[in-house]
Amino acid sequence: MATTQTPPATGSVKAGGKHSGGSGGGRFQTDRAKAERKLGLKLAAPAAIVMLAVTAYPIGYALYLSLFRYDLRTPDQNAFVGFDNYALILTSSVWWQAVLSTTVITVVSVALELVLGLALALVMHRALSLRRSVRVAILVPYGIITVISAYAFAFAVAPDTGFIGDGDPLGSRLGGWAVIILTEVWKTTPFMSLLLLAGLASVDESLQEAAKVDGATATQRLFRVTLPNMKGAILVALLFRALDAFRIFDTVYVQTAGAFETQTISGLGYNALITRVNLGLGSAISILLFLFIILIAFIFVKGFKTNLGTVKGEG
Amino acid sequence: MRRRTGLLAAALMVAPLAACGGGSDDAGGTPVVNWYIGNEGWLDPVIEACNAEAGGAYEIRAESLPTNPDGQREQLVRRLAAEDDSIDLIGMDVVWTGEFAQAGWISPFEPGELTNVGTEEQVLAGPWASAQYDGQQYGAPLNSNTRLLWYRESRLGDRPVPATWDELFATAEDLGSTIQETGARAESLVVLFNALVESAGTSIVTVDDDGEAQVALEEGPTLKALEIMKRLGEAPVAPAGQGNLGEDDNRLAFQAEDAASSLMINWPFVYPSVVEADPELAKDYRAAPFPAVEPGLPARAALGGYNLGIGRYTQDREAAVAAVNCLTAPEQQRTIATTGGQPSVLRELGEDPAILESLPFLPIMTAQLEEAAPRPVTPNYNDVSLAVRTVLHPLSDIDDPQQTYDELKDLLERALDSQAVL
């Protein structure tokens, strides 16, 4: 369109076309982008306002509470204490143990999920027959409520009802960790594979063909062509799962209740807020967990140096 | 127009809420006493008896809570903190009394208000102590419980029944038997630790003259208690998977035909259970008092059971107190003991023939309940309990009792002021 605006008579068609096509097209896109951005903001505003109301308010209130000694059991002692709750938490060995445990559970389970999830995504992507059945079968665990899958695995390893392992794995340190991570991996790998499947589908088939013609093996095509081209999808999958895994609560609560150093940050928050009704201390734990989550998101987005837009095919 | 529909909508939303709240007289003029309590087998007969006896003066309605005490407490605490006025009567685990009293969620009983459980003479010493806080009676003891040493008579043979922990360990090794004692990271671990500490001659928490709670745990006696816990976690007496064993796991393990264990510390519910499952095996079950830490020092066993509390925000305190007086009467106590397998709190029923029939070990329990050690009566009991669980679990990790002692004391001191991350 831009090129047609340039009359062929003035100067060479090639040069003029190139020139006006560049600048004219650029201006045109800027206008369009501006309008789109405006429309986008308008369309997103209601959702953003609702989100702010239901998330920003509780977060702000938690931040406020975290600056008080606020214990429902001893109401006469409630008072403003500044950052005392934070100091208390950050000097506690129980807290750092929970940070370590949560990190270990997150890293190990997300790493396993990435490998398994990618394998399952390839199966779903390449399945020639029974495509729908394969996808449904793989996604079933993700449809099961976490508490139920946690109980299912707890019963599966229990000495009286169980059929996995000898004795009582949940009665030992290594066993407790293994069962928790196994449950997490079983439950959330489908989510990971679904996100990766979307990434796989976005890789251009012609690239695969070209690599094949050049004589690349299947492994080479996977690592040199497929994976680099779905970097964005992998980032999104890892980010979503890491944020989720870091807030792990149900599985640990059901299976070990925090025994054998498996207590997580969410578990400490639950103990403080729900069991001990110490709202000040509990809110401070929640705020710190929130900060950790932001940190993880920041590291992922900066560390991968990937434009999240690539996932949408705009990059 | 818009405003009117808004009002209508608001009214529609409020109407059902109003119906749920209050709830003091929607049974045709009869005041309703809402009783929040765990789902116990003896609830229905006891409530029916009292409602019949009241003859319209009040009607008790059970609001069933989860079976697990931690779950019961969480639901109650949330409602009480929100000043729920539909809670008239509360079935409190003995350890909650101090917490609920300090928080102002229950109101104390006036002297003379309670006809059956209002004086020290009427109630066994252990349950009595658990119902007092800050010089006032906040709980009406309803039933009691204590843990005993259980053994298989045929396997023990002519060996003497162990009376101390040293003897118990020696007998276990001689028999090649494990000692089935709970090791899970749960309240049962605190029950064990408290009983051992009290039997050794000290307490977890003491209250000074100003009413300030402080961590006591004298070093010498506490180390003795920790030494016993360490030995419980070691071979050959530690059962497999001890770190996840609860009371019911132990009951099942002990009840198995080829049980690897001939010795168990547990609540008396194990007896009605074996009578039902295997009456022949039940004849081989014997109970002995909870072992002493040292010969000469009295064993102070665990204390369990319910105290009844009156909700602070109740709209009909009078009806609730009348209900308490009926529920704690000897007839109801007898029903609870015979159907629930838990001893009464009343001195006068200490050797009651009807109860004795279903609980043959009643005299041992009654004697033990006179000496029993309540767990710390403090508003921050839950913090204390979590701190003990955090440090002492699993038993097999206690290497150096001195180091465990230092760690525990440090964490408990912060926990007692609600200033610990747990």
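Reader: What does the domain assignment give for chain B?
Author: Domain 1 (16–145 + 304–371) and domain 2 (148–302 + 380–415). Domain bounds come from an automatic or database domain assignment. Ground rules: this is a predicted model, where local features need pLDDT of at least 70, side-chain atom pairs count only at pLDDT 80 or more, and totals for chains, interfaces and linings use all residues. Residues are numbered from 1 along each chain as its sequence is written, chains are lettered from A and ligands numbered from 1 in the order in which they are written, and side-chain values use heavy atoms, with hydrogens and water left out.

Reader: How many Å separate the centres of domain 1 and domain 2 of chain B?
Author: 28 Å, taken over C-alpha atoms.

Reader: And how many residues does the contact take from each domain?
Author: Domain 1 of chain B gives 14 residues and domain 2 of chain B gives 19. Contact means heavy atoms within 4.5 Å.

Reader: Now the largest nonpolar core. Which residues touch the most other members?
Author: B:Phe100, B:Trp165 and B:Phe193, out of 68 residues. A nonpolar core is a set of buried Ala, Val, Leu, Ile, Met, Phe, Trp, Tyr and Cys residues joined through side-chain atoms within 4.5 Å. Buried means under 20% relative accessible area, exposed over 50%, partly exposed in between (1.4 Å probe, protein chains only).

Reader: What does B:Phe193 touch?
Author: Leaving out residues up to four places away in sequence, B:Phe193 touches B:Ile204, B:Leu217, B:Thr222, B:Leu226, B:Met229, B:Val388, B:Leu392 and B:Leu408.

Reader: Is B:Ala225 buried or exposed?
Author: Buried, at 0% relative accessibility. B:Ala225 sits in helix H9 (residues 219–232) of chain B. Helices (H or I, at least four residues) and strands (E, at least two) are DSSP runs, numbered from the N terminus. B:Ala225 touches B:Leu196 and B:Val197, again not counting residues up to four places away in sequence.

Reader: Switching to charges. How many salt bridges over all chains?
Author: A search of the whole structure finds 31. A salt bridge is a side-chain nitrogen of Lys or Arg within 4 Å of a carboxyl oxygen of Asp or Glu. Side chains of opposite charge can pair when their charged atoms come close.

Reader: What does B:Asp383 form a salt bridge with?
Author: A:Arg276, with the closest N and O atoms 2.9 Å apart. That pair crosses between chains. B:Asp383 is in helix H17 (residues 381–392) of chain B, while A:Arg276 is in the loop between helix H12 (265–275) and helix H13 (279–304) of chain A.

Reader: Are those two buried or exposed?
Author: Both B:Asp383 and A:Arg276 are buried.

Reader: And what about B:Glu370?
Author: B:Glu370 forms a salt bridge with B:Arg347, closest N and O atoms 2.7 Å apart. The pair links distant parts of the chain, 23 residues apart. B:Glu370 lies in helix H16 (residues 362–371) of chain B, and B:Arg347 in the loop between helix H14 (330–340) and helix H15 (353–358). B:Glu370 is partly exposed, at 29% relative accessible area. B:Arg347 is partly exposed too, at 34%.

Reader: Which residues do shared partners join into one network?
Author: A:Glu113, A:Glu184, A:Arg241, A:Asp244 and A:Arg247. Within it, the side chains of A:Asp244 and A:Arg247 meet at 2.6 Å, N to O.

Reader: Over to chain A. How many helices and strands?
Author: There are 13 helices and two strands. Of the 315 residues in chain A, 42% are buried.

Reader: Which residues form the nonpolar patch on the surface?
Author: A:Leu100, A:Val104, A:Val107, A:Val108, A:Leu112 and A:Leu116, with about 470 Å² of accessible area together. Patches are made of residues with over 30% relative accessible area and no salt bridge: like charges are joined within 9 Å, nonpolar side chains (Val, Leu, Ile, Met, Phe, Trp, Tyr) within 5 Å. Accessible areas come from the Shrake-Rupley method with a 1.4 Å probe; for residues, only the protein chains shown count as cover.

Reader: Where is A:Val108?
Author: In helix H4 (residues 93–126) of chain A. A:Val108 is partly exposed, with a relative accessible area of 33%.
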